[in-house]
Structures are given as structure tokens and as C-alpha cells.
Amino acid sequence: MSNFDSLAYFLPELALTVLIVSLVLASVLLKSDRDRIVWIISLAGLAVTAVLLAIQPATDQSIFMGALAVDPYSRFFKWIFLVATAVIIIASPYTKQLDGSQRHEYYLFLIAVMFGLFLMASSLDLIIVYLSIEIVSIGSFILAGFLKDDPRSNESSLKYVIYGALSSGVMLYGLSLLFGMAGSTNVFEVQAALVVLPEKAHLTLAVALLLILVGFGYKISMVPFHFWTPDVYEGAPTTITAYLSVAPKAAGFALALRILGTAFGSTGDLNIGDWSPVPGLAFGSVIAIFAALTMTVGNFLAIQQNSVKRLLAYSSIAHAGYMLMAAVILNGQAFGAIMFYLAIYLCMNLGAFLVTIFVHNRFGYDEIDDWKGFGFQAPLIAVPMGIFLFSLTGLPPTAGFIGKVYLFSVLIEAGQYWWLALVGILNSVVSLYYYARIIKVMFLDGEPTDETVTGHPVMTGLILMLTVPVLLFGIYWTPLMGAVQSSLKFFTQGM
Amino acid sequence: MASSVLTILVFLPVAGALAMLFLPKDKADLFKWIALGATGLQLLVALWLLGTFDRSAVGMQFTFMAEWIPSFNIFYHVGVDGLSMPMVLLTALLSFLAILTSWNITKAPRGYFSLFLLLDAGMMGVFVSLDFFLFYMFWEVMLLPMYFLIGMWGGPQRQYAAIKFFLYTLFGSVLMLLAMLALYFYTEPHTFNLIILIEQARHIDVQLWGVDMRWLIWLALFIGFAIKVPIFPFHTWLPLAHVEAPTAVSVILAGVLLKMGTYGLLRISFPLLPAEAVYFAYMLALLGVINIIWGAANAIAQVDLKRMVAYSSVSHMGIVLLGMSAIVSTNRGGAEAGLNGAVLQMFNHGIITAMLFMLVGVLYDQAHHRFIVYPKDYEDESLRGKLGFGGLAGHLPIFTAFTAVAFFAGLGLPALSAFVSELMSFIGGFSAFRTLTIIATIGILLNATYFLRAFQRIFQGPANEKWASLKDLSGREIAMLTPLLVLIIGLGVYPRPALEIIAVTMGELIDLVQAVIPLAAR
């Protein structure tokens with residue numbers, strides 16, 4: 001589709017661009033009450049984007065001369081990004097940690113990151129892949145270091161920059177190798193070229209694939225490319241930690257699945273099964289090993305943590321591992337299971353982080369042991385936290401359980417990689433140990449008390465709202481699974 | 001009512017728990033009355049169910065089936081037969097009595113009673129589910145209230161006990177989850193329906209790691225169930241959890257939860273994978289015998305009365321396993337005795353152990369300790385090695401009478417209920433595995449040893465002046481113990497009504513499993 005015609009399908013992104021520009025202008029022009037007004041403009045802009053996304057016409061063609069897809073698949077992820085960004089922006093004025101920072105700039109960067117995420121979910125061109133990842137990364141670097149007076153936040157930002165630069169450089173090298181072999185940056189043309197690739201180039205292809213995997217692995221914090229995660233997550237403002245643990249991770253999965261599925265899928269359709277893009281290299285097994293490592297390392301590091309924030313950071317690595325488990329088999333079920341899990345993970349992880357923010361606001365606590373008796377002081381917050389944690393563990397009747405059931409189903413239905421399913425299931429048991437530790441401190445250690453703590457109604461409301469899907473989809477998940485199933489269509493042909 | 005009665009049974013307590021959430025938490029007394037009302041109603045519904053239950057009918061009764069998640073073929077599918085009927089009754093009865101037992105709970109009563117009702121609903125759900133996914137959900141849902149009930153209202157080591165219980169059972173149930181998914185995906189059409197799976201599961205013909213998939217499924221299910229029973233060597237969570245749990249939770253834990261393991265074996269493992277059930281029958285019998293002797297030997301060594309009762313559960317559940325292993329008996333009468341005995345023993349052990357824990361609780365409430373003999377490392381040096389009580393019979397006649405009946409029922413005295421079911425289990429076991437059963441009878445002797453010795457040390461001998469102030473059973477306590485007493489004596493003298501409920505279903509199960517044994521081997 002020509003560039004001009006494409007604009008009609010690009011309205012949500014255009015709205016975001018307009019929003020970004022107006023936020024810049026508002027930051028410059030406004031003299032007083034900037035944080036508040038920028039906050040309102042941001043939310044209004046997100047609302048407009050949501051409407052435009054909802055009414056976006058469907059097309060079976062790619063836009064901007066094959067650069068971007070407007071398919072149900074990308075739209076599903078865009079909703080995830082939209083919800084995540086909206087929740088974080090709504091919560092930000094009520095986050096004490098951010099007091100003293102220029103919140104209006106912070107909103108601007110959040111929206112910019114979100115724009116990059118939108119592109120990540122729909123890119124069909126290697127150049128756009130790289131550009132969108134960089135847009136997200138640069139915004140995230142700044143946001144991670146947003147607490148300017150906090151040395152740990154600065155450290156977090158610097159580490160993020162160095163790791164990010166290195167891994168995107170490595171990935172760029174892989175992408176350029178791919179371009180060298182295919183003579184095109186369009187993923188469909190790459191796919192067509194790879195099918196007829198002469199045998200002597202297979203080694204190069206394997207190298208290119210692994211290098212690209214490093215880039216994706218960094219984005220979804222896959223072991224052993226996860227080293228940045230704990231430090232960045234700990235140093236960044238908690239709102240940003242929550243955001244980074246959900247939105248860019250989802251985008252990383254969206255992008256990786258699409259690019260790996262289309263460019264390297266030898267058959268050109270999605271039901272590849274146990275995949276081996278390079279003859280002689282069992283790529284499914286490679287991913288399986290990464291998945292097993294990711295969840296095990298994430299879990300065992302999480303056990304040792306004493307700060308809730310760090311614990312959640314490490315556990316988010318483990319969750320990436322669970323999702324990777326399904327990516328071992330590339331078929332519709334696997335894509336569906338990962339998307340389903342991401343949607344649920346969004347709710348439960350954001351919820352858990354919001355509670356952490358709430359506690360930090362109210363008491364200034366970080367250590368798990370400080371949460372003693374919180375369950376009795378603020379049952380309205382602590383009970384949802386319990387639900388989020390049990391959901392993260394994967395216990396019924398919460399949505400986290402259903403998400404895990406689908407992830408495991410992928411492996412079991414394929415009848416392969418039973419060892420990985422076993423590793424995954426044992427990791428779930430391990431994760432109970434540290435998640436239950438927070439629950440223990442909240443409910444088991446304290447004594448009943450009559451004095452109750454309340455927070456700002458907006459925070460309480462957000463937390464309660466996030467528990468609704470976590471419980472509802474644990475008991476009746478047909479609506480969500482239906483949405484996932486109808487979002488599974490994405491381009492498998494060019495132009 | 002017939003089709004919705006089971007749904008009412010399961011969700012009545014949930015309704016009670018939800019009602020509590022909307023009441024102000026300072027009305028402490030209200031919560032126990034709501035809980036008592038909900039469980040009381042549930043008991044009445046269960047009794048109605050018993051009255052209308054057709055003892056001679058084959059197959060499931062009161063079934064109800066509704067689509068739940070069509071894309072995954074999950075159904076809300078419930079029903080009862082002769083195996084689940086006694087368990088439903090047991091759950092309803094013990095839940096009601098456990099609420100009475102908890103009458104003096106003062107710490108956060110709203111949380112306590114609402115969690116208790118959720119636990120009740122989960123247990124009831126397990127016993128009526130006919131869809132594996134539904135079964136699994138209920139099975140897991142129980143863990144959460146149990147964790148909090150032990151962890152928040154338990155004894156000094158409650159937190160450790162709670163997490164140990166939680167981790168152990170979760171480990172078992174995640175293996176069960178894998179087995180469940182394997183059953184689903186390897187059968188055609190994919191289904192969680194436990195009735196259809198009876199036909200389908202045995203046709204699974206896949207190898208994994210050079211082993212038959214059905215074996216692995218059976219073993220995964222077995223570990224899941226074994227942890228609940230608990231079968232040696234998975235039993236180590238049990239003494240701790242029982243001792244630390246508040247009395248009412250111990251009652252439920254020993255009375256109902258342990259039965260879920262053997263229920264799962266009889267409901268899922270045996271009918272779905274009969275060939276494997278036959279293959280592993282010897283292992284089951286062997287583990288049963290180990291349980292009987294190991295549990296009893298440990299019970300003898302205990303100085304804490306509650307720990308002793310906890311270990312006696314391990315021993316008595318071993319008898320259930322031995323009875324179940326009679327499924328391979330070539331003698332039809334032996335197989336029937338074993339299976340019927342096992343199910344009856346599940347029920348009998350439920351009521352007896354509930355009574356024992358209640359009595360221990362009554363004693364502990366007043367005396368604040370429950371040592372038969374003070375341990376050697378007791379904090380007060382002058383008491384070390386001395387008797388904890390002694391001569392209570394003199395001034396606590398009613399308490400002594402109740403305890404005597406419970407203890408004698410525990411050791412299997414004729415004319416009390418456990419005698420019948422234990423005898424039947426042993427007859428069944430003997431008809432299948434002679435030597436093992438003969439070894440197992442040592443357990444009977446050991447059981448008698450610790451019960452009689454404990455009785456002697458606590459109730460007989462010179463009265464310990466220190467405990468002269470103890471009061472005898474109150475009206476409430478008599479009310480909660482009497483139904484159990486009546487059942488223990490009633491079923492001991494006239495067990496036929498109970499056996500009639502069980503027999504048809506067990507006969508069906510024996511036919512089903514024995515059909516896979518080649519004729520030559522019979």
C-alpha cells in the first residue's frame with residue numbers, strides 16, 4: 001500500500017505523535033501546574049488513541065510499502081501497551097517516589113516509549129525492527145534514570161544504556177548478515193530468499209539467527225542476557241519497573257514471534273511445530289534450553305531477595321521463561337498461549353507492583369519483613385496482593401493458573417519436550433516458596449488490629465480493578481481466549 | 001431439586017462466606033452463627049441426598065452437566081455414586097461439627113469462618129466432580145484456605161507447618177496437572193470427562209523416555225494422591241501440620257483431606273488405568289503395610305497426644321491402602337471385602353479421628369498442654385519425664401467415657417465401627433497378598449499398644465492434683481461429640497446400611513479393573 005493510502009491505517013500512531021508534540025509544547029509553554037495539566041493531556045491523548053485503535057479499519061495489506069502490519073495480532077498487543085501505559089500514568093501522580101522529579105517530562109517519555117512499542121508490534125521490515133527497538137530503548141534509558149538524585153537510579157540507567165547498546169549492536173550485526181543473504185530488509189522477501197538459500201550459507205544463517213536472538217533475548221530478559229534486569233528494575237522508579245517488566249517484554253515477544261515465525265519459518269505459514277530454520281540445527285531445543293535456564297535462574301535468584309521490588313524483578317525473569325517454554329513449538333496454540341499469558345501477566349504483575357508502590361508511599365518500606373501485619377492494616381490492598389501473588393504462582397482459581405495450563409498444554413499436545421514441562425512445573429512449586437513468603441509476612445506474622453490504613457482512592461481503585469480480570473479469567477476465560485484466538489491472524493504473505 | 005442438589009451442596013458454604021464479607025467485622029458472634037447455619041443447611045441437604053440416593057443403582061446419580069469452557073472441552077459436571085456418597089456425608093458432617101469445635105475462636109473470626117467455609121466448598125467440590133479439570137480446580141482451591149487456617153490460627157510452629165503443607169501438596173498436584181493434560185491430549189476426542197476417560201484412557205499408546213506413557217500418568221497421579229493420603233515416604237508434612245493446626249482444622253485435615261488421596265486413587269487412577277492399577281497393586285499393598293507399621297511405631301514413640309493421634313492416622317490410612325490393593329484378588333469375595341472395607345474405613349477413620357482430635361482439643365483448651373509424658377527437653381526441668389496428666393477418670397467421667405470409646409474405636413475393638421472396616425480390609429488384603437497382610441497384622445497390636453498406654457497414663461492411676469480444676473465436657477462439647485459417638489457405635493453394631501451404599505459401586509469397579517487381567521492369570 002502506498003504511503004499516502006497507508007495513513008488511514010496509521011491513525012492511532014499519528015494520534016500518539018500529535019500527543020507527543022503537544023506534550024513538548026505544553027511542557028515549554030505552561031508556567032504553573034505543569035505536571036497536572038500534562039497528566040490530563042496525556043490521559044486524554046491515550047483515550048483518543050484507544051478510540052482510534054478500536055475503530056481502526058482492518059486490511060489484509062501491509063502499510064507503508066510493506067513496512068508495517070495492521071493485523072489483529074498487532075492490535076492485540078497494542079491494547080496491552082495501551083492498558084499498561086494508562087495504568088502507569090494514572091498511578092504516577094500518586095507515587096511519592098516521583099515527588100521532586102519533573103513528572104511532565106516523564107509522561108512525555110512514557111508516551112514516546114509507547115509509540116515505539118506500537119511500531120515493534122507491527123514491524124515487518126528489519127529496519128523498522130531496529131528503529132522501533134531503539135525508540136523504546138532510548139526512552140526507557142531516560143525513564144530508568146529518572147530519579148536524578150538517587151545514585152541507584154543513575155546506575156540503573158547507565159547499566160541499561162551499556163547493555164542495551166551492546167545487545168542492539170549485536171542484533172544489528174545479525175540483521176545485516178540476514179540482509180546480506182536475502183538482499184532485502186522486508187521479512188517476507190527474507191523468508192523467500194532463505195528457502196532457496198544454498199547449503200554453504202547455512203552456517204552464516206545460524207550465526208545471524210543467534211545474533212538476532214541475543215537482541216530479542218535482551219528485550220525479554222532471557223537468561224543469559226538478563227544481567228541488566230535486576231539492577232535496572234531495582235534502581236528505576238517503581239512505576240517504571242512495573243512498566244518495563246510488562247510492556248517492553250510483551251513487545252519483545254510480539255516482535256520475536258512475528259519475525260522468527262515469518263522470516264525463518266520455512267513453510268511460510270504459522271504452524272511450524274518443532275522448528276528448525278537452519279537445517280541441522282534443532283532450534284526448538286536451543287529455545288528449550290534457554291527457557292529452562294531462564295525460569296530456573298530467575299526463580300532461584302528470586303528466592304534470595306529481601307526486597308519486594310527485587311523479588312518481583314527476578315520473578316519477572318522466571319515468567320519470561322514460562323512463556324519461552326511455549327515458543328519452543330511454533331504453532332497457533334503456542335502463539336495463543338503466549339498472548340493469553342501476556343494479557344494476564346499484565347494484570348497480575350502491574351497489580352503486584354502497584355501494591356508495592358502503595359506500601360512504599362504509605363510506610364516507605366522496601367524489605368519484605370517490613371510488611372509485617374500489612375494484611376490486617378489494609379485488607380483492601382493486601383487481599384488483592386495475595387490474589388496477584390497466588391496468580392503469579394499459578395494457583396487456581398486465578399487467571400495465572402489458566403495461563404500456565406495453556407503454556408504447558410502446548411508442550412504436552414506436541415508430545416515433545418516433556419522434560420521442559422517438568423522443569424516448568426517444578427519451577428512453579430519453587431516460585432510458591434518466595435511468593436508465599438510475602439503472603440506469610442502480610443497475614444501470618446502480624447496480629448489483628450483495628451487501625452486500618454487507607455491510601456489514595458485512585459491507587460486503591462486501580463489495584464481493585466486489576467484484581468477483577470485476575471479472578472474473572474481464572475474462572476471463566478472464554479472471552480479472553482476468544483479475543484486471543486481472533487487476534488492470531490497475521491500476515492504470512494508479503495505486500 | 002435432583003439435578004441441582006450437588007451444586008447447592010458445594011456452593012452453600014460459598015454463599016455463607018460471601019455473606020460474611022459484607023458484614024461489619026466487629027459483629028464477631030454473627031460469623032460463627034452464619035457458618036453454623038451454612039454448614040447445618042449443607043448437612044441437611046446431604047442427609048436428604050442420602051435419603052433419596054438409590055443404593056441399588058449402577059452409575060452416577062444426581063448428575064448435572066453444563067458447558068463451562070467449550071474451547072477446552074471443560075464441563076461443569078457433577079454426580080455422586082456409592083464411592084462419593086459416604087465422602088459427601090463425611091464432609092458435611094465434619095464441617096458442621098468443626099464449626100461447633102471452633103466456637104471459641106476469637107482471633108479474626110470473620111477471616112477464620114469464611115476461610116473455613118471455602119475449605120468446605122472445595123472439599124465438597126472434589127467429591128462430586130466428574131470432570132477432571134473441575135476436580136483439579138477444587139483440589140487446588142482447598143490449599144489456600146488450609147494454608148491460612150494453619151498459618152494464622154495454628155500453634156507456635158504454625159508458619160513452618162503451613163508452608164510445608166502447601167509446598168508438599170502443590171508439588172503433588174502439579175504432577176497431577178501434567179498427568180491430567182496428558183490424559184486430555186492423548187485421548188481422542190480430547191476430554192476431561194472422567195466417565196468418558198474410563199473408556200478412552202486405557203487406549204493411550206505412547207512411549208516416553210522408553211517408558212509406557214500410561215505408567216508415567218499413573219505414577220504422576222499416584223504421587224499427587226499419595227502426598228495427600230499421606231503414603232510413606234510422603235507423609236512427613238502430616239504430623240507437623242496436624243499438631244500445629246487448630247483443633248477444628250485438624251479434624252478436617254485428618255477427617256476429610258486425607259480421604260481425598262484414596263478417593264482420587266479409586267475415582268481416577270483405578271478406573272482410568274486399570275491395567276496399571278493391577279500392575280501396581282502389590283506396590284500399593286506394600287506401601288499400605290509400611291504405612292500401618294511405620295505409623296503405629298511412630299505413634300508409640302510420641303509423648304504429645306496430638307502427634308500420637310496424627311501418626312495413628314498414617315497407620316489407619318495404610319489399612320485403606322491394603323484393602324484397596326485387594327482389587328487384584330482372584331477371589332471375588334475377597335476383592336469385594338477389600339474394596340468395601342477400604343471405603344468404609346475411609347468413612348470410619350474420618351469420624352473416629354475427628355472425635356480423637358476434638359477430645360484432644362477439649363483437653364488442650366483447658367490444660368494448655370497435651371503431653372502424655374513431659375518430653376525430656378521440656379522447659380520446666382522438674383516436670384521432665386513425668387506424666388502429663390493421670391487419674392483424670394476420677395473427676396471427668398463424661399470426658400473419660402467419650403475418650404474411651406474413641407480410643408477403643410481407634411484400636412479396632414469389635415462392636416465399634418472401625419473393627420468392621422479394618423477386618424474387611426484385612427480379609428481383602430489377605431486374599432490377594434497373604435504374607436504382607438500377615439505382617440500388617442502386627443500393626444493392630446501396635447495400635448492397641450499406644451492407645452491403651454495413653455489411656456492408662458492419662459485417665460488411670462493416682463489423680464494428679466494439678467488438674468483437679470479441669471471441668472468436664474460442656475453441653476456444646478457433648479453436642480459435637482455425640483453424633484460421632486452414635487455413628488461409631490451404630491456402624492459397629494450394624495454396618496449394613498453403610499455397606500449397601502458402597503457395595504454396588506465397588507462391585508462395578510472390581511468388574512472394570514478385573515476385566516483387564518488375562519483369564520489365565522485369574
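**Entry 1: α2 and α5, chain A**

The contact, meaning heavy atoms within 4.5 Å, takes in A:P12, A:E13, A:L16, A:T17, A:L19, A:I20, A:L23, A:V24 and A:S27 from α2(A). From α5(A) come A:H104, A:Y107, A:L108, A:I111, A:A112, A:M114, A:F115 and A:F118. I sorted this contact by class: 13 nonpolar, three polar and one charged residues. Nonpolar here covers Ala, Val, Leu, Ile, Met, Phe, Trp, Tyr, Cys and Pro; charged covers Asp, Glu, Lys and Arg; the others, Gly among them, are polar.

The model is predicted: local features need pLDDT of at least 70 and side-chain atom pairs pLDDT 80 or more, while totals for chains, interfaces and linings use all residues. Residues are numbered from 1 along each chain as its sequence is written, chains are lettered from A and ligands numbered from 1 in the order in which they are written, and side-chain values use heavy atoms, with hydrogens and water left out.

I then checked the geometry. α2(A) covers residues 11-29 and α5(A) residues 103-122; they pack at about 160°, with axes 10 Å apart. Helices (H or I, at least four residues) and strands (E, at least two) are DSSP runs, numbered from the N terminus. Axes are lines fitted to C-alpha atoms, for helices over the stretch in contact, and angles run from 0 to 180 degrees between N-to-C directions. That makes α2(A) roughly antiparallel to α5(A), the term for angles over 145 degrees.

**Entry 2: α2 and α3, chain A**

I turned to α3(A), residues 34-55. Its axis and that of α2(A) come within 9 Å and cross at roughly 170°. The two are therefore roughly antiparallel. On the α2(A) side I listed A:L11, A:P12, A:A15, A:L16, A:L19, A:L23, A:A26 and A:S27. Their partners in α3(A) include A:R34, A:V38, A:I41, A:G45 and A:L52. By class I noted 13 nonpolar, four polar and one charged residues.

**Entry 3: α11 and α15, chain B**

In chain B I took α11(B), residues 247-272, and α15(B), residues 332-367. Their axes come within 7 Å and cross at roughly 165°. That makes this pair roughly antiparallel. The crossing is right-handed. Among the contact residues are B:S250, B:A254, B:G255 and B:L258 of α11(B), and B:V343, B:M346, B:G350 and B:A354 of α15(B). The classes come to eleven nonpolar, eight polar and one charged.

**Entry 4: α18, chain B**

What span should the 26 residues of α18(B) have? At 1.5 Å times one less than the number of residues, residues 434-459 should span 38 Å, and the end C-alpha atoms are 38 Å apart, which agrees. B:G461 follows α18(B), with a positive phi near 80°.

**Entry 5: aromatic pairs**

My search of the whole structure found 64 aromatic pairs over all chains. A pair needs ring centres (Phe, Tyr, or the six-membered ring of Trp) within 6.5 Å; planes under 30 degrees apart are stacked, over 60 edge-to-face, the rest tilted. B:W68 and B:F133 are edge-to-face, 6.4 Å centre to centre, with 80° between the planes. B:W68 sits in strand β1 (61-69) and B:F133 in helix α5 (132-141) of chain B, so the pair ties together parts 65 residues apart in sequence.

**Entry 6: backbone**

I found a cis peptide bond from A:P396 to A:P397, omega near 0°. A:P397 lies in the loop between α16 and α17 of chain A. Another cis bond runs from B:F232 to B:P233, omega near 5°. B:P233 is in the loop between α9 and α10 of chain B. A:S221 is not a glycine, yet has a positive phi of about 45°. I placed A:S221 in the loop between α9 and α10 of chain A.

Note on methods. Parallel < 35°, antiparallel > 145°, perpendicular 65-115°, else oblique. Left-handed = near helix turned anticlockwise from the far one by under 90°.
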